[in-house]
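The sequence and structure are shown below.

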Amino acid sequence: MRGRPFIALLAVVLAAMTPFVGDVLHAGAASKVAPFDPISVSFSSPERGWALGTLACAHQHRCLTLLETANSGQSWFEVQLPVPLVTDIDRFGNDKPGFIGGIDVHFANSTDGWIYGQEPATIHQGSQSYRGFKSVLWATHDGGTLWLRQALPGMNPQGNVYDVESTRTTVYVLAPTRSNTAEVESSSVDANKWQQASGVALNGEAGGGQPSGAMVIDGSTGWLIFGNDRGATGSAQLSKRGAWVAWRSPCAAVGHGYAVPAAANARDLVAVCGMGGFAYGMPKSAPRGAAIGSSWLYFSTNGGVSFKAGTEIRPVKGNLSFGQFAGVLASPRPGAVILGRNVGDGADLIASYDDGARWGVVYRGQVSYLDFVDPNVGVGLVRLANNEQRMIMTSDGGRRWRAMTF
C-alpha cells in the first residue's frame, strides 16, 4: 500500500479524463502566513500520525515543529524535538523557503520514531569553510520526550539519509557512504543497535545528478531502489527472514529507470517504467507498439519475482493535453493505482481501480507525497503555488480527499 515519492526521469503521456467520483477537490490558494506548513508526515495506524513542519514563531521566523494526532487528524498536539536540531535549523534561517533542507519523520508505533535526512550546516575542510548540508538521524523510544542522535559506522556525515522504513519489529535506514555508494543498516525498533546489511550492492553512477534511494516495506518484506537521473544502479528485496537479498527492479529490462514500486500487499506490486533511458535505446523486451520515452504500468503478483507490462499511460484519442508523470505512486489494494501527473500549468492526482483501464481525476494540485496506511486510509502532501504544503487525507481508498487543518 505504501507509495513513496521518487524521481521522475522520463516524460509520460497521460490522459485527461472525466472524474468518476463526486466533486474533485482543488488545492486552492494558500493563506499569507500558514499557521503550520507540513513538510513530512508519517502514520503508524489509521488513527495515529505525526506531521513534521514549520510553525510561525518569533522574529518573523518559522520554527521546526512536530505534531501528533491520535484521532485521524481531527486534533493535533505538539511533540518535543531535539534541541540541537531545532537550533541548527533556526541558525541558518528557516524563514527562507526551501532552506530548511530535506528533513523527514517516520514512526513505527506510538513510541519509536526517527527524524532523518539532511540539514544546512557550515562544512569545514582544512582552512576552507563553506555552506553545505550534513546528514541527520535522530531516534526516540518514548514518543518524543528524549531524542538521541544516531551515527551509523559507515554513513557519510555530509550526505543525505535517503530513507527510514520499518516493519513491526525492525527499522531500516538507507544512507550514503563515504565512497559514493549506499548502505542499509538495521536495528530493532526499540533500540539503537545498528547492524549493516550484507549482500546489498548499491553503487553510485559515474555521472549525473545527486543519488537518491527509497524503500517500500509491507508487512515483513520490502523492496529498495538506489540511483539517480541516469537510472537505477542498485536494488534489493527484504526477505521474510529479515535479510536484504539481490533483486531485479521492474524497469531493469526496459532501460534501468529509477522506479520505486508501490505495494498493495506483500505480493501485489505496481511500478511505472519508461521505455529506454540514459544511453539506452528501445529495448527488445518493451511492450508491443511501445515508443521510446513512453511509459507503461508494470504489475507483479508474486512479490516482485517477475513483472508483466500492463497498459500504457497515454492521452485519450484526440486529446492533445499531454501529461508528465509527477513521481508519486500508490496502490491501496490490488488493481488500484493512484499517481500524480503534471499537465500544462497545473497538476493533479489520477486514480484507476481496474489495473489502469479507466482513470479519473481525484484531486487537483501538485501532490508531492502519497502513502496508504491501509486499503482505505491514505495521506498526501500537496505543494501550493507559494511553495507551502497542505496535508490531505482519504478514508475511501483514494476516491475522495479532504484538506486537513492544524
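Asp 163 is placed in strand E10 (residues 163–166), where strands (E, at least two residues) are DSSP runs numbered from the N terminus. This is a predicted model, in which local features need pLDDT of at least 70 and side-chain atom pairs count only at pLDDT 80 or more, whereas totals for chains, interfaces and linings use all residues. Residues are numbered from 1 along each chain as its sequence is written, and side-chain values use heavy atoms, with hydrogens and water left out.

**Asp 163**
- Asp 163 has a relative accessible area of 0% and is therefore buried (under 20% relative accessible area, 1.4 Å probe, protein chains only).
- Its side chain forms a polar contact of 3.4 Å with the side chain of Tyr 116; such a contact is a pair of N or O atoms within 3.5 Å, one able to donate a hydrogen and the other to accept it.
- A polar atom of the Asp 163 side chain also lies 2.7 Å from the backbone nitrogen of Met 215.

**Sheet E18-E19-E20-E21**
- Four strands form an open sheet in this order, with antiparallel pairing (at least two DSSP bridges between two strands).
- Strands E18 (262–263) and E21 (308–312) stand at the edges with a single partner strand each, so one side of each has no neighbour in the sheet.
- E19 and E20 are joined by six bridges, and Ala 271 has Tyr 298 in E20 as its bridge partner.

Key
Buried < 20%, exposed > 50% of the residue type's maximum accessible area, 1.4 Å probe, protein only.
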